[in-house]
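Student: I'm new to this one. Could you walk me through how its parts touch each other?

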Amino acid sequence: MKALVFERSLPRFAAARVAGTLAPGGGARVGPLRLTDVDPPELPGPGWKRVRPRLAGICGSDLATVDGQSSRYFEPIVSFPFVPGHEVVGELDDGTRVVVQPTLTCAARGVEPVCAQCASGNTNRCERTAFGHLEPGLQTGYCADTGGGWSLSLVAHESQLYAVPDGMSDETAVMVEPAACGVHAALLTAASEFAVIGAGTLGLCTIAALRTLTTPHVLIAAAKHPAQKQLARELGADIVVEPDGLARAVRRAVPGTMVAGGQLTSGVDAVFDCVGSESSLAQALEVVAPGGTIVLLGMPGRVSVDLTSLWHREVSVRGAYTYTNDDFAKAFDLVQDARLERLVSGLYLLDRWKEAIEHAADAGRRGAVKIAFDLRNERGLS
Amino acid sequence: MPRPGFVLDVDRSTPPTLFWHGEGFRLERLPTGSRVIYPPEPLDALNDPDEAIRRALLEPLDSEPLPALLKPGMKLTIAFDDVSLPLPPMRQPDNRQRVIEAVLDMAAAAGVDDVQLIAALALHRRMTESELRHALGDRIYDAFEPHGLLTQHDAEDPAGMLHLGTTDEGEDVEINKRAAESDLLVYVNINLVAMDGGHKSVATGLASYKSLRHHHNVRTMQHSRSFMDQHRSELHSSNWRMGRHLKAAGVKIFQIETTLNTNTFPDQFAFLQKREWEWKARDRASFLAVSKSLGRTPPRLARRIFHSINAPHEMTSVQAGEVEAVHARTTENVYRQQLVEVSGQTDILTMGLPYICPYNVNSVMNPILVMCTGLGYFFNLYRNNPLVRPGGVLILSHPTPWEFDPVFHPSYIDFFEQVLAETTDPLEIEAKYEESFATDPWYIHLYRTGHAYHGVHPFYMWYWGAHALDHLGGVIIVGGDPAAVRRLGFKPASTMRDALEMATDVVGRDPSITHLHCPPLLMADVSV
């Protein structure tokens, strides 16, 4: 079958890193990712199903992988070669449409008894992502045994499968996975004053989730590009500003806030960093209130940030990785209520994968948000 | 004998007309049949301004001579207009220096020891040391400032303000406490335009936001037609009520007003004060040299060059005494210099806006100030009827950069980026946003301790244009930053020709066109 496969190749990885630094998405042309014919993955055991992807999104973490920018932290929890793609709406052999919840937890791995995190429902924090009867892999799309969405076939455990309601379009369904990230992040704090940095897919889904699932007193979004700004407003941000205007906007929105040097004296209770860069984290520290929380949705990698204000103002920084099963279920409502299918800006056939990745890497500037592969009319399934 | 103002009918032989364009100029060939309104030539200056000042103090209008009002042991406060006047700043000695020195001489002769000077800022930014020295001279500055006797009005100092009740119409009258409690308040003014002076000097210059909001609002500005014409200006009616209330409350004011001629630019810019068809070879050479060099100069440097200009303004009159009597005489003198009779309104009014307005001395004219200068000040330079007909189009020429001075205009940035992004309707802006900006503690802090205009000031700038917004069918800015122009709610045009073409969509084909050739300042007396 036709699949995009990411292989372990240090020279190509190095080339991707260089190309990705020069131009986002540049790693697609020189890196370890290639379109090839492979055997479909075997069903690993009972409870596993074959899924034929219909749409598969391109995520920021995929782009970081393609461009060789991912942290080495992931090395023990991925297995090569793997087929990327973890934002998947597909079809079972019986024709049932499903969204794949990609985290490969104890249930999928056949680990008994399940780890403490899975037992408590925090499956996104599973302690066994490198163990069990599967090759290591934190998610479908990073595991050699399961395949991934950027192909014509993958396998998924029944615990990962969520049926798509009748009437929900594929475009809506493919947004469930990123929307679930937004749901998870939005429910992490009990705050009411929010700032969201970044208005790509994650940022917009977080805005939608905050607006839908919480009762914000004020919700401020920092967005770079005109289309992002418009969507941020439509999805519920009260105030939308350029990134460099965030501190001014927060100062105005939170009564009594003054400025001392580059630091606001007060700020919003919670900042959602949906970029994960050095500058976005530094900016989050500038605008978060003393005692407030910075939630990292964007994958940060290695950054260098002055944490003095974090120490002095007793700010918490916490990660927000994927979602629990509850979050995932809630995301089905969110994608419909917030009409998140409007974020799907471009669909590509697998053969045009390089263009697709370059488009996704440059989405903001090109007025796009979510780019996905359209596999509904692909041939070549073995 | 200086020539009066003049309305030129453009014909085929008329040379291109000079338009101000921020820190530069444009030569525009206006269509045949257009009119150009030129200001009167500068009036002759007083031969001996110091003697004229002395005489005004000794022979005041409807008041005892100043020396008779000065007694040992009394508390004397001298308030003076701030950096917003005159424009450009005048060559030294400034009128304020001349007048205050004369007042101080008389106070010293009378044995008055308790004397304080206050810059009447209202909600403007605090003046810098060099600006104070320029306005007052080193002698006064060095004698008063080190001892804390030269202060700048602080409308947000709760201990420094005194509420004196309300007018018959319920307007709060709250002014500077030191001024209110003095045995005599001497106000030293420079009347650059007819709007300045009179009761507005104290009732606005030394007031608080609580007091100012009664006349600095959209309704008042929409009912001031124009605010340059005291008798048809609700802005002035409110100030006059407050001024009379102050008098009734026992605040004794001795008003000293001065007027200037329109000798606005130094020799190297002499062409700016001449009518184009009268340019000599030297004027043409100066224009070319200045234009060419400005074209090669980075905008910031060009701005610095322009803001270093000191105007050769000269004093044309000085009058002192009772506020209303003084101001009536002052207004006559302003009109004598600036009034130009114009017959009939126009479909399209064009203006070239210069680099400076009252609120950007030594800084950039940001887009909000462009709006205020064009639709506020210049549009209102009329008596009886606006120059442009109702539903007509105003075409401004100005680069309108999306640029702000973060020290002087911090609240302007938020106003532009947050408020105008949502609406440009003055009434909606006033209702929804004014109070939060006016009471924002950060803006108050910057106003009190730095050199920032008060948080509410950009709102006033927007209200200043409210009458024009109400009156006009459209506004076009030639040569401006398109994004900034659109944020203002106006239309951008690359050339004057394009702008005139665009205007016909609003006013129809073959429109009448009038150009306000200003500055130097003029005021159109428009009959219909």
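Predicted model: local features only at pLDDT ≥ 70, side-chain atom pairs only at ≥ 80, totals over all residues.

Student: Which domains does the assignment give for chain A?

Tutor: Domain 1 is written in two stretches, 2–177 + 324–374. The other stretch, 189–319, is domain 2, so the domain assignment lists domain 1 and domain 2.

Student: How far apart are the centres of domain 1 and domain 2 of chain A?

Tutor: The centres are taken over C-alpha atoms. For these two domains of chain A, the separation comes out at 27 Å.

Student: How many residues of domain 2 of chain A are in contact with domain 1 of chain A?

Tutor: Count each side on its own. Domain 1 of chain A brings 16 residues to the contact. On the side of domain 2 of chain A, the number is 18.

Student: Which element gives the largest share of the domain 1 side that touches domain 2 in chain A?

Tutor: Two helices, α3 (60–66) and α13 (325–337) of chain A, each supply at least two residues there. That side holds seven nonpolar, six polar and three charged residues. The largest share is three residues, and it comes from α3(A).

Student: Now chain B: which element gives the most to its side that touches chain A?

Tutor: Seven residues of chain B are in contact with 11 residues of chain A. Two or more residues each come from α15 (410–419) and α17 (441–449) of chain B. With four residues, the top contributor is α15(B).

Notes:
Residues numbered from 1 in each chain as written. Chains lettered and ligands numbered in written order. Contact = placed C-beta atoms within 7 Å. Nonpolar A, V, L, I, M, F, W, Y, C, P; charged D, E, K, R; others polar.
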